[in-house]
Amino acid sequence: MELFKYMEKYDYEQLLFCQDKESGLKAIIAIHDTTLGPALGGTRMWMYNSEEEAIEDALRLARGMTYKNAAAGLNLGGGKTVIIGDPRKDKNEAMFRAFGRFIQGLNGRYITAEDVGTTVADMDIIYQETDYVTGISPEFGSSGNPSPATAYGVYRGMKAAAKEAFGSDSLEGKVIAVQGVGNVAYHLCRHLHEEGAQLIVTDINKEAVQRAVEEFGAKAVDPNDIYGVDCDIFAPCALGGIINDQTIPQLKAKVIAGSANNQLKEPRHGDIIHEMGIVYAPDYVINAGGVINVADELYGYNRERAMKKIEQIYDNIEKVFAIAKRDGIPTYQAADRLAEERIETMRKSRSQFLQNGHHILSRRRGR
Ligand SMILES: NC(=O)C1=CN([C@@H]2O[C@H](COP(=O)(O)OP(=O)(O)OC[C@H]3O[C@@H](n4cnc5c(N)ncnc54)[C@H](O)[C@@H]3O)[C@@H](O)[C@H]2O)C=CC1
Ligand SMILES: CC(C)CC(=O)C(=O)O
């Protein structure tokens, strides 16, 4: 990949490589856009096949956070970190302390939180070195694990998508196929089960599947079979890129609504499902509950206030559908339009000069 060419194409601000030999830390921090505020996005720890794959993931996820935070109405920009390694074997305290110091060095331009492969305990270690971390333990007055909040937002957004597709937002009796029943989807399944939905689940982790079968009466299928099951709603809650040339022809669902980031392998896959009449709730709009929850820590965490904002994911999804209809475009493009319009408006409104402590004029005053 020609890095600067790619960064220029999508207008990235900064890409940082952080290495600490002693602890084995190899982290890549990508900051996409800070027009709305400091870049907030989680840290993913994953066994990448190559450094190039890790860089690409960091860049794609960081840009997704710019759009997610903008569409959610947060005063935050977009960034993300990936740490190269096996989260089950390669973690150690020194690694997250070293990472915390690198974040501190950015002086607030980037704020981190959990993502796939990292936990509240990891964030607590990072917190030893920097204030620019969220999703830390409630014992510190913080919001803790963001997954239940993400799940609640996906549940709310799924109801809005059901209303669009079926004329009612009730999920009672709906057959919902859930791909991946990890941290987010476990809580999502609980909401769906409580509302009377019938669940079909899959996961490469057999224990996670067993838990969903036992607790929610879910039917289990093999990972490769989830795309083609007879269902009303498909909820991708594992990894990205799963709406692609191989999976689309298998889909029977009328709605796609799940927590995974970067669900469309390429934008054209969003066009194809649109032409098929599938109602797609764009990933970064529906899965913003976690970031809304951790962002509230920056104001002094108030769970009630955060949950109220997460409820609004229902309205945000409706807003996306309205833009799609107004402009005759697929919903993934409508979501981009919603986010880009907000960023542009704020960029323009900031063009007026405002004196602050760091401006050259402050130095002249001291003479
Ligand atoms: N945790 C959060 O608050 C947020 C998570 N997300 C996204 O939601 C997705 C899920 O996140 P978490 O639940 O936190 O992660 P997780 O790692 O707890 O759960 C993912 C689950 O997917 C399973 N999985 C992986 N590959 C699979 C495959 N090929 N087929 C079936 N199952 C597979 C894993 O075994 C795991 O149980 C990720 O894409 C993440 O980026 C997005 C926003 C916030
Ligand atoms: C708090 C995190 C869940 C934010 C993030 O990285 C995401 O929403 O993907």
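Glu 266 and Arg 268 form a salt bridge, with their closest N and O atoms 3.0 Å apart; the term stands for a side-chain nitrogen of Lys or Arg within 4 Å of a carboxyl oxygen of Asp or Glu. Glu 266 is partly exposed, at a relative accessible area of 34%. Here buried means under 20% relative accessible area, exposed means over 50%, and partly exposed is what lies in between, using a 1.4 Å probe and protein chains only.

A word on the model itself. This is a predicted model, in which local features need pLDDT of at least 70 and side-chain atom pairs count only at pLDDT 80 or more, while totals for chains, interfaces and linings use all residues. Residues are numbered from 1 along each chain as its sequence is written, chains are lettered from A and ligands numbered from 1 in the order in which they are written, and side-chain values use heavy atoms, with hydrogens and water left out.

Back to the charged pairs. Arg 268 also forms a salt bridge with Asp 245, and there the closest N and O atoms are 2.7 Å apart. Asp 245 sits in the loop between strand 10 (233-236) and strand 11 (255-256), and Arg 268 in helix 8, so this pair ties together parts that are 23 residues apart in sequence. Helices (H or I, at least four residues) and strands (E, at least two) are DSSP runs, numbered from the N terminus. Both partners are partly exposed, Asp 245 with a relative accessible area of 39% and Arg 268 with 35%.

The structure holds 23 salt bridges. Another one of them joins Glu 13 to Arg 109, with the closest N and O atoms 3.1 Å apart. That pair links distant parts of the chain, 96 residues apart: Glu 13 is in the loop between helix 1 (3-9) and strand 1, and Arg 109 is in the loop between helix 3 and strand 6. Glu 13 is partly exposed at 34%, and Arg 109 is partly exposed at 30%.

Helix 3 is worth a look too. Its 13 residues (93-105) should span 18 Å at 1.5 Å a residue, and the end C-alpha atoms are 19 Å apart, which agrees; the expected span is 1.5 Å times one less than the number of residues. At the start of helix 3, a side-chain oxygen of Asn 92 comes to within 3.2 Å of the backbone nitrogen of Ala 94. Buried residues of helix 3 include Met 95, Phe 96 and Ile 103. The buried residues of this helix pack against several elements, among them strand 1 (14-20), strand 5 (77-84) and helix 4 (120-126), where contact means heavy atoms within 4.5 Å. Asn 107 follows helix 3 and has a positive phi, near 55°.

As for the overall layout, the domain assignment gives domain 1 (3-66 + 76-137) and domain 2 (147-335), with bounds that come from an automatic or database assignment. Their C-alpha centres lie 25 Å apart. The contact takes 16 residues from domain 1 and 11 residues from domain 2. Between them the two domains bury about 980 Å², 63% of it on carbon and sulfur atoms; buried area is the accessible area (1.4 Å probe) that two parts lose on being put together, summed over both. Leu 40, Arg 60 and Thr 134 supply 37% of the area that domain 1 buries against domain 2, more than any other three residues. The count of salt bridges between domain 1 and domain 2 is 0.

Technical notes. A polar contact is a pair of N or O atoms within 3.5 Å; within protein, one must be able to donate a hydrogen and the other to accept it, and residues adjacent in sequence count only if both atoms are side-chain atoms.
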